[in-house]
Structure formats: C-alpha cells, structure tokens
Amino acid sequence: MAEIFGFLREDATYGEKEVLKKLRYNLPREFSVYVECPLHTHRMQRFPDFIVVTNYAAIILEVKDWVQIVRADRFNVIVRMRNGQEMCHRNPLITTRDYALALEDNLR
C-alpha cells in the first residue's frame, strides 16, 4: 500500500476520489503519493492532483472527469458536458508539463 501525503479537497470530483483509492491500494509501499501538493512558481502557486514519487522518478497525474472528448489538438480539448454543452479546456498534457517544470524548479 502506497504512503499518502495530504488529502483531497471537499469538492473533489468522483474521478479524483477513485484515482486516489486505486493509488493507495494498488501501488507498493515504496511509492509515495502527494495529494494536491503545492508547487510554487515565480508567478503563482499550482496544485497538481497527484504527484507519485518512487526511487527513480516522479509522475504527475491530472485527473479529468470529462464525459466525451469531441476534439483535441496540441493546445486545447473540446469536451461535451453531461448537459450536452461543449466547452473548451486547456490540454491537460500542457498543464502536467507545466507542473513537471515547476516541480523540477522546486527540487533544484
């Protein structure tokens, strides 16, 4: 069982809660999971959903509870919400890359 540091906010999504359960009970104990750990950048503070740390790497997870992806490109993702409305979001790959760069800066 992985060691968990931190906790989810009260309004966490269903997907975030489920991912935390899976991480807690399915990773070996030498893995550490940091939940919504603050990363400080020169301009702001950011909170990735999960940072999983092993002896060899750090993995950043950003959980999305999207119902249907309509279109995606390098920069944006258009998703269809439960009410049928389409919304444009920043591509989570870019977001996690920004988190990884912030983590790297913090570790230096």
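Let's start with phenylalanine 5, which is partly exposed in this predicted model. Its relative accessible area comes out at 33%; because buried would mean under 20% and exposed over 50%, this residue falls in between. Tyrosine 34 is also partly exposed, at 29% relative accessibility.

Now look at these two residues together. Phenylalanine 5 and tyrosine 34 form an aromatic pair, and the structure holds 1 such pair. How do you describe two rings like this? You give the distance of the centres and the angle of the planes. Here the centres are 4.8 Å apart and the planes make an angle of 15°, so the pair counts as stacked, a label for planes under 30 degrees apart. Next, find the two residues along the chain: phenylalanine 5 sits in strand β1 (residues 3–5) and tyrosine 34 in strand β2, so their pairing ties together parts that are 29 residues apart in sequence.

Not counting residues up to four places away in sequence, isoleucine 4 touches Leu20, Arg24, Val33 and Val35. Isoleucine 4 also belongs to the largest nonpolar core, which has 12 residues in all, including Leu8, Leu20, Leu27, Val33, Val35, Phe50 and Val63. Which elements each supply at least two residues of this core? They are α1 (14–26), β2 (32–35) and β5 (50–53). Apart from this core lies another one, made of 6 residues, with Leu39, Ile60, Tyr99 and Leu103 among them. As background, nonpolar side chains tend to be buried together in soluble globular proteins.

Moving on from strand β2, you come to glutamate 36, in the loop between β2 and β3 (39–40). Is glutamate 36 buried or exposed? Its relative accessibility is 16%, so it counts as buried. And what is it in contact with? Leaving aside neighbours within four places in sequence, glutamate 36 meets Phe7, Leu8, Arg9, Phe47, Pro48 and Asp49. Leu8 is a name you've already seen, as a member of the largest nonpolar core.

Last stop: the largest pocket, with about 200 Å³ of space in it. Its lining is made of Thr41, His42, Arg43, Met44, Arg46, Asp98, Leu101, Ala102 and Asp105. Sort those residues by kind and you get 3 nonpolar, 2 polar and 4 charged. Which helix gives the most to the lining? That's α2 (residues 92–107), with 4 residues.

Key. Residues numbered from 1 in each chain as written. Predicted model: local features only at pLDDT ≥ 70, side-chain atom pairs only at ≥ 80, totals over all residues. Heavy atoms only, no water. Core = buried A, V, L, I, M, F, W, Y, C linked by side-chain atoms within 4.5 Å. Buried < 20%, exposed > 50% of the residue type's maximum accessible area, 1.4 Å probe, protein only. Contact = heavy atoms within 4.5 Å. Phe/Tyr/Trp six-rings, centres within 6.5 Å; stacked < 30°, edge-to-face > 60°. 1 Å grid on protein atoms, 1.4 Å probe; cavity = no way out; pocket = protein on both sides within 12 Å on 5 of 7 lines; lining within 4 Å. Points joined across faces, edges and corners; volume = space filled by probe spheres on them. Nonpolar A, V, L, I, M, F, W, Y, C, P; charged D, E, K, R; others polar.
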